[in-house]
Amino acid sequence: MKTYDAVVVGGGIIGLSCAYYLLKRGKKVSLVEKNEIGAGASGACDDMILLQSKAPGISLELAIESLEIYKNLSNDLGMDIGFHTRGGMILIDKKEHLGLMESYVDSQRKYGLDIEIIDKKQVKKKHPYVKEGIIASTFGTRDSQVDPMRVMKAFLKSNLDMGMDLYRNKNISEINKLSSWWQIRFDDGSSIETETIINAAGSWSSDIGKLVHVDIPVTPLKGQILVTEQLPSLGKENIWSSDYIVSKLKPELIEADSIDKRLGIGLAFSQTADGNYLIGSTREKGNFNKNTTYEAIETLTKQITYFFPILKKINMIRSFAGFRPLSQDGKPIICEVKENEGFFIATGHGGDGIALAPITGKLLSQLVCHEKTSMAIDELNISRFG
Amino acid sequence: MSKIICRCEEITEDEIIEAIASGASTVNEIKKFSRANMGLCQGRTCRKAIERILSKETGQKLENIKPSSYRKPVRPIKLGLMK
C-alpha cells in the first residue's frame, strides 16, 4: 500500500498549486483526479488576474498577494506561464452606475490600488474602437493576466519532477479515518493511505466533503465564454462592463426580468497572449451541463458587439463552459477542518481560481505544516458557515 | 526543424512531445498544454496525428485514446451573424 504525507484531491489549478507548495517543503505528495488535468473550471476559464473586481477586504488582499507570486512564477517553475500586465478598464455606460462605481473605486484606492475614473475622451484614446456613448471608465494599471493552461502544465511538470504520484481517472469511493491517518479507497478496489488530505475538488468539493461528513457549501456556477479568431490588439487594457461589478455589489440596479440578469452576464473581454479574444461570461446557477447554449452565445455576442461594433466583422471560433466553485458567501474556503484533523479544504474560489491559485497553495502548505500563515485567514475557515 | 502537426496553431511534433513530457497523457491535456487542436479547425486536420504521437510516446493503444472534445460553433461564424 502506498502511503503519503499529503493527498491532494482535484487536478485543477488549485490542487496543482497546493501540491507544488507541499512538494517544495519536502512532503511526499500524490494528486488524485477523477477525470484529467484541468477538466473542470481550470481548463474552461478566462485568463485574468483582476484586482479591480475584488471586493475590498480579504478577497482583494488575497489577489494582491497572489499577483506578487505570479510575477516570479515563470522563473520559479522554469517555464513561461504567459504572465502580462496590461491593466484593466471597467466601462460605464449607464448614468445610474457612475455614483456606485466612484465609491467602489474610492474604497479600492484606500487599499493602495492605482485606479482612477477616466472620462470618455480618455476612454476613446485608450480604446478607439469602443462605441460612442460610454460615459466614463475606471482605469487600473496593475490588472494582469496569465495563461492558465501553461500554469497548469508548469505546475504539473514541476510536481512530477519533484516526485509527485498522479492518479488520473480515479474515483474515490470512501475516505476512512484510521487512528491518526487517513485511508482513501478507490472504486476499483485499490487504496492509498495518507497523513493529510487536501480537498481541492472545486465544484465537486462538496461531494468529497460528504465522504467525511463535512458539509461544504460550494455549488457550481456555470460560466460560458466565447473565443474569437486571433486578432491584432484593439487596445492595451482588458475590458469589463460596469454591469459586472454592479451585479456583484448591487444586483437590484440590473433590470429584473432581463436575460442578462437570468444568465448573470457582466461583460469581460480580454485578449490572450496568442491573440484570441475571450468574451465572457455568464454566471448561471444550477447544473453540471457542460454544453454551451444558443441563448448565452447570442447574448454574449450582443453585449460585445454593443460595446465594440467592429467585432461584428470577426469570427467566433469556439464557445466553452466551466463550473466556478462558488461558496455560499463568495469567499474561498481555505482551512483545516476542526473536527477532522488532517482534512484540509482549498476550494470555493468562484471565478477567481486562476488569480488566487498561487496564494492558495502557499497558505495551504503553511496550514499543513502547522505554521502561522503569512496573512490572517481566519475568515476563510469553513466554521464561518456555522 | 520538427514537422508541423497542427497547422492552425503551427504546433510542431516536438512541441507535442514536450507537452507529453510535461505530464499530458490524453489528447485534451495535449490540447491544453500545447494549443494543438485549439485553432480554427478544432483538430479536424491534426487530431489523428496527435493521437498517433500520443500512442507512440506513451505506449497507450490507439483504440484506447479518447478523441479531444469539439465545441460549438463547429465552423467559425461572424459575430455579426448572431441575431
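Biologist: Which domains does the assignment give for chain A?
Modeller: This is a predicted model, and the domain assignment of chain A gives two entries: domain 1 covers 2–44 + 149–217 + 329–385, and domain 2 covers 88–141 + 219–327.

Biologist: And what separates their centres?
Modeller: Taken over C-alpha atoms, the centres of domain 1 and domain 2 of chain A are 31 Å apart.

Biologist: How many residues are in contact between them?
Modeller: On the domain 1 side of chain A there are 17 residues, in contact with 11 residues of domain 2 of chain A. The domain 1 side divides into 5 nonpolar, 10 polar and 2 charged residues.

Biologist: OK, zooming out. How many helices and strands are in chain A?
Modeller: Chain A has 10 helices and 20 strands.

Biologist: Why call it as compact as a globular protein of that length?
Modeller: Because the radius of gyration of chain A is 21 Å, close to the 21 Å that the globule rule gives for 386 residues. Along the principal axes, the C-alpha atoms of chain A fill a box of roughly 65 × 45 × 40 Å.

Biologist: What share of the residues counts as buried?
Modeller: That's 52% of the 386 residues of chain A. As for contacts in chain A between residues at least 6 apart in sequence, 74% join residues at least 24 apart.

Biologist: Switching to sheets: which strands form the open sheet with β8 of chain A, and in what order?
Modeller: The order is β3-β8-β4 in chain A, with antiparallel pairing. β3 (48–49) and β4 (84–85) of chain A are the edge strands, each pairing on one side only.

Biologist: How many bridges join β4(A) to β8 of chain A?
Modeller: There are 2 bridges between β4(A) and β8 (residues 144–145) of chain A, and the two strands run antiparallel. In one pairing, H84(A) has Q145(A) in β8(A) as its bridge partner.

Biologist: Which strand of chain B is joined to β18(A), and do they run parallel or antiparallel?
Modeller: β3 (residues 77–78) of chain B is joined to β18(A) by 2 bridges, and they run antiparallel.

Biologist: What stands opposite N315(A) there?
Modeller: K78(B), in β3(B).

How values were computed. Residues are numbered from 1 along each chain as its sequence is written. Chains are lettered from A and ligands numbered from 1 in the order in which they are written. This is a predicted model: local features need pLDDT of at least 70, side-chain atom pairs count only at pLDDT 80 or more; totals for chains, interfaces and linings use all residues. Helices (H or I, at least four residues) and strands (E, at least two) are DSSP runs, numbered from the N terminus. The radius of gyration is taken over C-alpha atoms; the globule rule is 2.2 Å times the number of residues to the power 0.38. A residue is buried if 20 or more other C-beta atoms lie within 10 Å of its own, exposed if 12 or fewer, and partly exposed in between; C-beta atoms are placed from the backbone. Two residues are in contact if their C-beta atoms, placed from the backbone, lie within 7 Å. Two strands pair if DSSP finds at least two bridges between them. Domain bounds come from an automatic or database domain assignment. Ala, Val, Leu, Ile, Met, Phe, Trp, Tyr, Cys and Pro count as nonpolar, Asp, Glu, Lys and Arg as charged, and the others, Gly among them, as polar.
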